[in-house]
Amino acid sequence: QLQLVESGGGLVQPGGSLRLSCAASGFTLDYYDIGWFRQAPGKEREGVSCISSRGGITKNADSVKGRFTISRDNAQNTVYLQMNSLNPEDTALYYCAAKAGRSYYCSTYVPTDFGSWGQGTQVTVSS
């Protein structure tokens, strides 16, 4: 059974950092693109970052470029989202999701392309 479990969220002050983890079980990352999404209260779900199944090619939303970094550890079957220079606008519930396929390209433009989702981890940026 394919499962994704996020962790690492919490309360952080503006300018601080967090590293989110997305642990996968029931499948190997080699055959799935992984995306990070977030949703704040009253706002639409937003694609944040993704990493391709082949080549580990990454793509970030303009809102997080230069601040967030997605990476993958195939040995641990885990994807990470390193978030630096956090600001209150980054406050949201963060989800990771998996899209089956073997590609050198990834995109979070169509969230419904991702068939498996974790339960989310809350990130709150506040002083």
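**Figure 1. Charged groups over aromatic rings.** In this predicted model, the charged end of Arg19 is placed over the ring of Tyr80, 4.1 Å from the ring centre.

Figure 2. Four aromatic pairs are found in a search of the whole structure. In the pair formed by Phe37 and Phe114, the ring centres are 5.2 Å apart and the planes stand at 80°, so the geometry is edge-to-face. Phe37 belongs to strand S4 (residues 32-39), whereas Phe114 is located in the loop between strand S9 (92-100) and strand S10 (116-117); the pair therefore ties together parts that are 77 residues apart in sequence. Phe37 is buried, with a relative accessibility of 0%, and Phe114 is likewise buried, at 3%. Ring pairs join Phe37, Tyr95, Phe114 and Trp117 into a cluster.

**Figure 3. Surroundings of Ser107.** Ser107 is situated in the loop between S9 and S10. With a relative accessible area of 19%, Ser107 is buried, because residues under 20% are classed in this way. The side chain of Ser107 reaches the backbone nitrogen of Tyr109 at a distance of 3.0 Å. When residues up to four places away in sequence are not counted, Ser107 touches Cys50, Lys59 and Phe114. Of these contacts, Phe114 is also a member of the aromatic cluster.

**Figure 4. The largest nonpolar core.** In soluble globular proteins, nonpolar side chains tend to be buried together. The largest nonpolar core of the model comprises 28 residues, and Trp36, Leu81, Met83 and Tyr94 have the most contacts inside it. Two or more residues of this core are given by each of strand S3 (18-25), S4, strand S5 (46-51), strand S7 (68-73), strand S8 (78-83), S9 and strand S11 (121-125).

**Figure 5. Surroundings of Thr58.** Thr58 is found in strand S6 (residues 58-60). Its relative accessibility of 40% places Thr58 in the partly exposed class. Not counting residues up to four places away in sequence, Thr58 touches Cys50, Ile51 and Ile70. From Thr58 to Gln1 the C-alpha to C-alpha distance is 26 Å, and the two residues are 57 residues apart in sequence.

Figure 6. Side chains of opposite charge can pair when their charged atoms come close. Four salt bridges are counted in the model. Glu46 and Arg38 meet through their side chains in one of them, with an N to O distance of 2.8 Å. Glu46 is partly exposed at 28% relative accessibility, whereas Arg38 is buried at 6%. Arg38 also forms a salt bridge with Asp90, at 2.9 Å from N to O. This pair links distant parts of the chain, as Arg38 is in strand S4 and Asp90 is in the loop between S8 and S9, 52 residues apart. Asp90 is buried, with a relative accessible area of 1%. A salt bridge between the side chains of Asp90 and Arg67 has an N to O distance of 2.7 Å. Because Asp90 lies in the loop between S8 and S9 and Arg67 in the loop between S6 and S7, the pair ties together parts that are 23 residues apart in sequence. Arg67 is buried, at 14% relative accessibility. Through shared partners, salt bridges join Arg38, Glu46, Arg67 and Asp90 into one network.

Definitions and conventions. Residues numbered from 1 in each chain as written. Predicted model: local features only at pLDDT ≥ 70, side-chain atom pairs only at ≥ 80, totals over all residues. Heavy atoms only, no water. Phe/Tyr/Trp six-rings, centres within 6.5 Å; stacked < 30°, edge-to-face > 60°. Helix = DSSP H or I, 4+ residues; strand = E, 2+ residues; numbered from the N terminus. Buried < 20%, exposed > 50% of the residue type's maximum accessible area, 1.4 Å probe, protein only. Lys NZ or Arg CZ within 6 Å of the ring centre and 35° of its normal. Polar contact = N/O pair within 3.5 Å; in protein donor to acceptor, adjacent residues only side chain to side chain. Contact = heavy atoms within 4.5 Å. Core = buried A, V, L, I, M, F, W, Y, C linked by side-chain atoms within 4.5 Å.
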